[in-house]
Amino acid sequence: MNVKTALLFGLAVAGLSMICAENKVEARPNFKNIWAETYPDSKMLVAKKCGVCHPGKTKKEKNDYAAAVFKGLGKRKQTDKDVIVKALKAAEKMPSSVEGKTYGDFIKADEIPPSKKSE
């Protein structure tokens, strides 16, 4: 193989790798984007940071709403958009730690759902 053929082959492989990587990213729905589409009037997603489920400083810190959503996902890295939306809608109906209020009440009021741990 001469230098020109090797160079063209290298560029083709690099281009194919970029296409595959791009499609892989698109194949895994972004949870924050789905949340934003489900609740388009919400202002809780600020600067691409999801403070709805992770109001603390790290992603490891989750509130009770996050636990309710993740329970509905069925697996840790859920990629099915319909399953994610269904889990969000199911969590809306669940009672929060504030008596008489569901998580949906907080989301409609554009407030971070509380956590029993933070009280």
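Student: Is Y103 buried or exposed?
Tutor: Y103 is buried, at a relative accessible area of 5%. The cut-offs are under 20% relative accessible area for buried, over 50% for exposed and partly exposed in between, with a 1.4 Å probe and protein chains only.

Student: What sort of model is this, and how are residues numbered?
Tutor: This is a predicted model, numbered from 1 along each chain as its sequence is written. Local features need pLDDT of at least 70, side-chain atom pairs count only at pLDDT 80 or more, totals for chains, interfaces and linings use all residues, and side-chain values use heavy atoms, with hydrogens and water left out.

Student: Back to Y103. Which element is Y103 in?
Tutor: Y103 belongs to helix 5. Helices are DSSP runs of H or I with at least four residues, strands are runs of E with at least two, and both are numbered from the N terminus.

Student: What does Y103 touch, not counting residues up to four places away in sequence?
Tutor: The list is D64, Y65, A68, A91, E92, M94, P95, S96, P113 and P114. Contact here means heavy atoms within 4.5 Å.

Student: A91 is in that list. How far apart are the C-alpha atoms of Y103 and A91?
Tutor: They are separated by 6.7 Å, and the two residues are twelve apart along the chain.

Student: Where is A91 found, and why does A91 count as buried?
Tutor: A91 sits in helix 4, residues 81-92. A91 counts as buried because its relative accessibility is 0%. Apart from neighbours within four places in sequence, A91 is in contact with Y65, A68, V69 and Y103.

Student: How do helix 3 and helix 4 pack?
Tutor: Their angle is about 135° and their axes are 8 Å apart. Axes are lines fitted to C-alpha atoms, for helices over the stretch in contact, and angles run from 0 to 180 degrees between N-to-C directions. Helix 3 and helix 4 are therefore oblique to each other. Angles under 35 degrees count as roughly parallel, over 145 as roughly antiparallel, 65 to 115 as roughly perpendicular, and the rest as oblique.

Student: Which residues make that contact?
Tutor: Helix 3 supplies Y65, A68, V69, G72 and L73, and helix 4 supplies V83, I84, A87, L88 and A91.

Student: And helix 2 against helix 4, at what angle?
Tutor: About 60°, with the axes 10 Å apart. That pair is therefore oblique. On the helix 2 side the contact is made by F31, I34, W35, E37 and T38, and on the helix 4 side by K81, I84, V85, L88 and K89.

Student: Which residues touch the most other members in the largest nonpolar core?
Tutor: W35, Y39, Y65, V69, L88 and I107, out of 17 residues in that core. A nonpolar core is a set of buried Ala, Val, Leu, Ile, Met, Phe, Trp, Tyr and Cys residues joined through side-chain atoms within 4.5 Å. Helix 2 (31-38), helix 3 (64-73), helix 4 and helix 5 (103-108) each supply at least two residues of the core. The largest share, five residues, comes from helix 3.

Student: What is Y39 in contact with, leaving aside neighbours within four places in sequence?
Tutor: Y39 is in contact with Y65, L88, K89, E92 and I107.

Student: New topic. Where is D41 found, and is D41 buried or exposed?
Tutor: D41 is in the loop between helix 2 and strand 1 (45-46). D41 is exposed, with a relative accessible area of 67%. D41 and I107 are 66 residues apart in sequence, and their C-alpha atoms are 9.9 Å apart.

Student: What is the phi of D110?
Tutor: D110 has a positive phi of about 60° and is not a glycine. Most residues other than glycine have a negative phi. D110 lies in the segment after helix 5 and counts as partly exposed, at 28% relative accessibility.

Student: Finally, the whole protein. How many helices and strands?
Tutor: Five helices and two strands, in the order α-α-β-β-α-α-α from the N terminus. Of the 119 residues, 28% count as buried. Among contacts between residues at least 6 apart in sequence, 43% join residues at least 24 apart.
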